[in-house]
Amino acid sequence: MPAISDQDMNAYLAEQSRMHMNEFNTMSALSEIYSYVGKYSEEVSLGR
């Protein structure tokens, strides 16, 4: 399979971003926040 150029990859990612700009997965976002807080719970509780 031939390599894709940076320009082509950037154009593809920009197109994907435009296509999905109004989508937001709330459950996924909450899961990421929960994971972050679990990982850094001590720092979060200390307010650092």
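Which residues does UniProt list for "domain: Plexin cytoplasmic RasGAP"? Hi everyone, let's start there. An unreviewed UniProt entry gives residues 1-44 for that domain. Please keep in mind that what you see above is a predicted model.

So how confident is the predictor? The chain has a mean pLDDT of 90, and 98% of its residues reach 70 or more. If we go element by element, helix α1, residues 6-19, has the highest mean pLDDT, at 95. Helix α3, residues 41-46, has the lowest, at 83.

Now for the overall layout. You can count 3 helices and 0 strands in the chain, and reading along the sequence gives the pattern α-α-α. The C-alpha trace spans about 50 × 25 × 20 Å along its principal axes. If we look at residues 1-44, the stretch from the UniProt record, its end C-alpha atoms are 46 Å apart. That span is 73% helix and 0% strand.

Next, the surface. What share of the 48 residues counts as buried? The share is 0%.

Met27, Leu30, Ile33, Tyr36, Val37, Tyr40 and Val44 together make a nonpolar patch of about 680 Å². Which helix gives the most to this patch? Helix α2, residues 26-39, does, with 5 residues. Val37 is a patch member that lies in helix α2.

The structure holds 1 aromatic pair. In that pair, the ring centres of Tyr36 and Tyr40 are 4.8 Å apart and the planes meet at 45°, so the pair is tilted. Why tilted? Because planes under 30 degrees apart would count as stacked and over 60 as edge-to-face, and the rest are called tilted.

How values were computed:
Residues numbered from 1 in each chain as written. Predicted model: local features only at pLDDT ≥ 70, side-chain atom pairs only at ≥ 80, totals over all residues. Heavy atoms only, no water. Phe/Tyr/Trp six-rings, centres within 6.5 Å; stacked < 30°, edge-to-face > 60°. Patch = residues over 30% accessible without salt bridge, like charges linked within 9 Å, V, L, I, M, F, W, Y side chains within 5 Å. Areas by Shrake-Rupley, 256 points an atom, 1.4 Å probe, with all protein chains shown as cover. Salt bridge = Lys/Arg side-chain N within 4 Å of Asp/Glu carboxyl O. Helix = DSSP H or I, 4+ residues; strand = E, 2+ residues; numbered from the N terminus. pLDDT = per-residue confidence, 0-100. UniProt positions renumbered as here; feature names shortened; annotations may be inferred. Buried < 20%, exposed > 50% of the residue type's maximum accessible area, 1.4 Å probe, protein only.
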